[in-house]
Amino acid sequence: MRLVSALAFMSLVGLVGCADKGDEGFFILNNTAPPVGGVSCAFTGDPAQPFIAAGAISYLAPQGYVFTPLLESRITAVLGHEAERTIHLEGANVTLQVANGGMQQQFTALFSGSLAPNSGTTNVSFELLPVSSIKALGSASQNVEVVASVSAYGTLGGGRIEGEPFQYPITIVAPDNGIVFGAKTPSQAGTPCLNDTNTPRSGNACNVFQDGVVDCCVSATGTNVCPAVPEM
C-alpha cells in the first residue's frame with residue numbers, strides 16, 4: 001500500500017513553493033534506462049521501466065550526458081479536478097560537484113512536460129552534464145566522478161512548485177589504451193568501415209557515448225563512425 005505524505009492533504013497554498021524538507025509536491029524516482037536494443041530515445045512514464053543507478057560518459061563524447069528521469073507527483077486531487085492539480089514542469093536547477101570536493105558548477109536546464117496528480121508519473125529528458133562541463137570537470141588521464149544534484153521545478157495553480165532534490169553520480173571516463181566507455185577514440189576507431197562485416201553494438205539510444213558499449217569504424221575519409229556502418 002502506498003503511503004502518501006501528509007503534505008498531500010494540505011491546501012494548494014501550502015504545497016506551492018515548499019522548501020527542501022523531503023515532503024515536496026513531487027520527486028524524481030530514478031534515471032530511466034532506454035529500451036535494450038532500441039533505436040529510439042523514448043519512454044513510457046511507467047514506474048516498471050528499468051533504470052540506471054549511476055551514469056558514465058566518455059571524456060571524448062561530442063555531446064553531453066542525456067538525463068531521462070522519471071518523476072512522480074505527491075499532489076492529490078478529487079475526481080474531476082485532476083487538471084487543476086496537474087504540475088506544469090518547466091526545468092531543473094542543477095549543481096555539478098566533483099566527488100572528491102573539487103570544482104563545482106551550477107546552471108538551469110529547461111524542459112517542459114506535465115505531471116498528473118494522485119501519484120502520476122512521467123519521463124522528461126534534458127542534458128545533465130554538458131560537453132563544456134565534461135571538459136572542465138573531467139580528465140584525459142583518469143576517471144573523474146561527478147555528482148549531480150537536480151531540483152526540478154514548475155507551476156501549480158499559478159504558483160511555483162519545486163521537487164525534492166535528487167542526486168545522481170556520473171563517471172567521466174578517460175581514454176584507456178585507445179578505448180573508452182561507450183566508444184573508441186577517433187585515432188583508434190578500429191576496423192575500417194569498408195572491411196567491417198560484424199554486427200555492431202549500437203550503444204545507448206539517447207547518446208552512444210554514455211551508459212553502454214558501441215562499436216565504431218573509420219570511414220574512407222577518416223571519419224569516426226559510431227555506431228559502425230559498413231561502407232558498400
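This is a short exchange about how terms apply to a predicted model.

Reader: What is the mean pLDDT of the chain, and where is the pLDDT below 50?

Author: The mean is 81, and 79% of the residues reach 70 or more. Over residues 1-20 the pLDDT is below 50. Beyond near neighbours in sequence, that stretch still has 35 contacts in the model.

Reader: What does the secondary structure of the chain come to?

Author: The chain has 2 helices and 16 strands. Of its 232 residues, 44% are buried. Among contacts between residues at least 6 apart in sequence, 71% join residues at least 24 apart.

Reader: Why is Pro69 called buried?

Author: Buried means under 20% relative accessible area. Pro69 has 1%, so Pro69 counts as buried.

Reader: Where is Pro69, and what is Pro69 in contact with?

Author: Pro69 is in strand S5, residues 69-73. Leaving aside neighbours within four places in sequence, Pro69 is in contact with Ile28, Asn30, Asn31, Thr32, Thr122, Asn123, Val124 and Phe126. Pro69 and Ile28 are 41 residues apart in sequence, and their C-alpha atoms are 6.4 Å apart in space.

Reader: Why does Gln167 count as exposed?

Author: Exposed means over 50% relative accessible area. The value for Gln167 is 58%, and therefore Gln167 is exposed. Gln167 lies in strand S12, residues 166-173. Not counting residues up to four places away in sequence, Gln167 touches Val147, Ala148 and Ser149.

Reader: What makes the pair Ser133 and Gln105 a polar contact?

Author: A polar contact needs a pair of N or O atoms within 3.5 Å, one able to donate a hydrogen and the other to accept it. The side chains of Ser133 and Gln105 make such a contact at 2.4 Å, a distance that falls within the cut-off. Ser133 lies in helix H2, residues 131-137. Leaving aside neighbours within four places in sequence, Ser133 is in contact with Leu96, Gln105 and Gly138.

Reader: Is Ser133 buried or exposed, and how do you know?

Author: The relative accessibility of Ser133 is 3%. The limit for buried is under 20%, so Ser133 is buried.

Reader: Why is Gly64 called buried when Gly64 is found in a loop?

Author: The term rests on relative accessible area. Gly64 has 0%, which is under 20%, so Gly64 is buried. The loop runs between strand S3 (55-58) and S4. Gly64 touches Ile57, Glu127, Leu129, Pro130, Val131, Ile134, Asn207 and Gln210, not counting residues up to four places away in sequence. One of these, Leu129, is 65 residues from Gly64 in sequence and 5.3 Å away, C-alpha to C-alpha.

Reader: Why are Asn118 and Ser119 called partly exposed?

Author: Buried is under 20% and exposed is over 50%, with partly exposed in between. Asn118 has 41%, so Asn118 is partly exposed. Ser119 has 26%, so Ser119 is partly exposed as well.

Reader: How many cavities of 30 Å³ or more does the structure hold, and what makes a space a cavity?

Author: The structure holds 1 cavity of 30 Å³ or more. A cavity is a set of points where a 1.4 Å probe fits but cannot get out. The volume of the largest cavity is about 40 Å³.

Reader: Which residues line the largest cavity, and what makes a residue part of the lining?

Author: A lining residue has an atom within 4 Å of a point of the cavity. The residues lining the largest cavity are Asn31, Thr32, Pro34, Ile52, Tyr65, Val66, Thr68, Asn204, Cys206, Gln210 and Asp211. By class, the lining has 5 nonpolar, 5 polar and 1 charged residues.

How values were computed. Residues numbered from 1 in each chain as written. Predicted model: local features only at pLDDT ≥ 70, side-chain atom pairs only at ≥ 80, totals over all residues. Heavy atoms only, no water. 1 Å grid on protein atoms, 1.4 Å probe; cavity = no way out; pocket = protein on both sides within 12 Å on 5 of 7 lines; lining within 4 Å. Points joined across faces, edges and corners; volume = space filled by probe spheres on them. Nonpolar A, V, L, I, M, F, W, Y, C, P; charged D, E, K, R; others polar. pLDDT = per-residue confidence, 0-100. Contact = heavy atoms within 4.5 Å. Helix = DSSP H or I, 4+ residues; strand = E, 2+ residues; numbered from the N terminus. Buried < 20%, exposed > 50% of the residue type's maximum accessible area, 1.4 Å probe, protein only.
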